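Thanks for asking me to look over this model with you.

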Amino acid sequence: MLWRKLLVPLTSLLLLLTASAGAGAAAAPTGSPAGAGAGAGAGAEAAAADYGAPGPYATAVEVGAVTTLYYPRDIATSDRRHPVIVWGNGTFAFPVVYRELLLHWASQGFIVAAANTPQSNLGISMRAGIDLLTRRNADQGSPFHDRVDLEHIGASGHSQGGAAAIVVGADPRIDTILPIQPGPLANIDNVHVPALLLAGQKDSIVFPFLVKAFYNDADHIPAIYGELRGADHLTVVGDPGPFAAPTTAWFKAHLMGDQTARAQFFGADCGICTDSGTWSDVRRNGLASQ
């Protein structure tokens, strides 16, 4: 697509400039229902592949002044409440840069509240996304009324937004964090929920050792370090590629209680622990190994 050809090089330039940590509303449907996931007898490798495939929900997008929402299109008539993921962008980036990943999560049944700010490190706009969905959930005139699972909320983001996910992880409303190549301006000591910290093997902006430093400090929570083989700092931009499956599985495990997804990370037969084709390094601390 033309927008991607223009946007990705521009985003690459903007992100390379730093290694630091539209008003109005519109709703646009996108995507279509996908096939069902793996059956109960599927193995770990098949389950992981399914988490990387589009989910069963058609999706929609609503762009607001502070927050862009990615969500299941028919949420008003859904027979369930949908967990929330709050998202923080990389430096000088906006949610549209990560559109494919955020829509992928929405297709899997999540409501994604993406902060519109290109400077997300403080996490203020990410917390505002939770506040927005709390109001929408209580509003009887909203399609989100009583359809938002505010008891299950995760935080994620890329680069500076990854650091913001760690910052927001101190909020008592957050149940898990998933920082992607997080910048350095955060303190994981304040986080008290499970963490999956993702690095790129060939990232020359947020080097893997910087992500490992967060992992090493996270000895008070269940923490996993995953380094994606061959990934650089911009692999997640546009088509999320190898980031789609593990991020979806992590949130499915922690926000939806999916035990098949949980087996990708925990237990003696941890799926990612033996998948050397996808991962160049995987580490689990003592609490995660338990």
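**Notes on a predicted model**

1. Let me start with strand β9. This strand is mostly covered, as 6 of its 6 residues are buried. Please keep in mind throughout that the model is predicted.

2. The side chains of β9 are worth a look from both sides. A223, Y225 and E227 point one way, I224, G226 and L228 point the other way, and all are buried. You will see E227 listed there along with the others, so do click on that residue.

3. Next, the neighbours of β9. On one side of the pairing list is β8, which runs parallel to β9 over 6 bridges. Within that pairing, A195 has A223 of β9 as its bridge partner. To get from β8 to β9 the chain passes through α6, and this β-α-β crossover is right-handed.

4. β9 also pairs with strand β10 (residues 279-284), here in the antiparallel sense and over 5 bridges. Opposite E227 you will find D281 in β10.

5. Now for the aromatic rings, of which the structure holds 9 pairs. How far apart are the ring centres of W87 and W105, and at what angle are their planes? The centres are 5.8 Å apart and the planes stand at 65°; the cut-off for edge-to-face is over 60 degrees, so this pair is edge-to-face. Because W87 belongs to strand β4 and W105 to helix α3, the pair ties together parts that are 18 residues apart in sequence. W87 is buried, at a relative accessible area of 0%, and W105 is buried with a relative accessible area of 0% as well.

6. A pair that brings us back to β9 is Y215 with Y225. Their ring centres are 6.3 Å apart with the planes at 50°, so the pair is tilted. Y215 sits in helix α6 (residues 208-217) and Y225 in strand β9, 10 residues apart, and the pair links distant parts of the chain. Both Y215 and Y225 are buried.

7. Two further ring features deserve a moment on screen. W87, Y98, W105, F110 and F251 are linked into a cluster by ring pairs. Elsewhere in my list, R262 lies over the face of F266, at 4.5 Å from the ring centre.

8. On to the nonpolar cores. Which residues touch the most other members of the largest nonpolar core? They are W87 and W105, in a core of 40 residues. At least two residues of this core come from each of β4 (82-88), α3 (99-107), β5 (111-115), β7 (176-180), β8 (195-200), β9 (223-228) and α7 (244-255). The largest share is that of α7, with 6 residues. There is also a second, separate core of 38 residues, and among its members are I75, V84, A155 and I221. As background, nonpolar side chains tend to be buried together in soluble globular proteins.

9. Finally, the overall numbers for your records. The chain has 9 helices and 10 strands. Of its 290 residues, 52% count as buried. The accessible surface comes to about 11,800 Å², and 56% of that belongs to carbon and sulfur atoms.

Definitions and conventions
Residues are numbered from 1 along each chain as its sequence is written. This is a predicted model: local features need pLDDT of at least 70, side-chain atom pairs count only at pLDDT 80 or more; totals for chains, interfaces and linings use all residues. Side-chain values use heavy atoms; hydrogens and water are left out. Helices (H or I, at least four residues) and strands (E, at least two) are DSSP runs, numbered from the N terminus. Buried means under 20% relative accessible area, exposed over 50%, partly exposed in between (1.4 Å probe, protein chains only). Accessible areas come from the Shrake-Rupley method with a 1.4 Å probe; for residues, only the protein chains shown count as cover. A nonpolar core is a set of buried Ala, Val, Leu, Ile, Met, Phe, Trp, Tyr and Cys residues joined through side-chain atoms within 4.5 Å. Rings of Phe, Tyr and Trp (its six-membered ring) pair if their centres lie within 6.5 Å; planes under 30 degrees apart count as stacked, over 60 as edge-to-face and the rest as tilted. A charge sits over a ring if NZ of Lys or CZ of Arg is within 6 Å of the ring centre and within 35 degrees of the ring normal. Two strands pair if DSSP finds at least two bridges between them. A crossover is right-handed if, with the strands pointing away from the viewer, the path from the first strand over the helix to the second runs clockwise.
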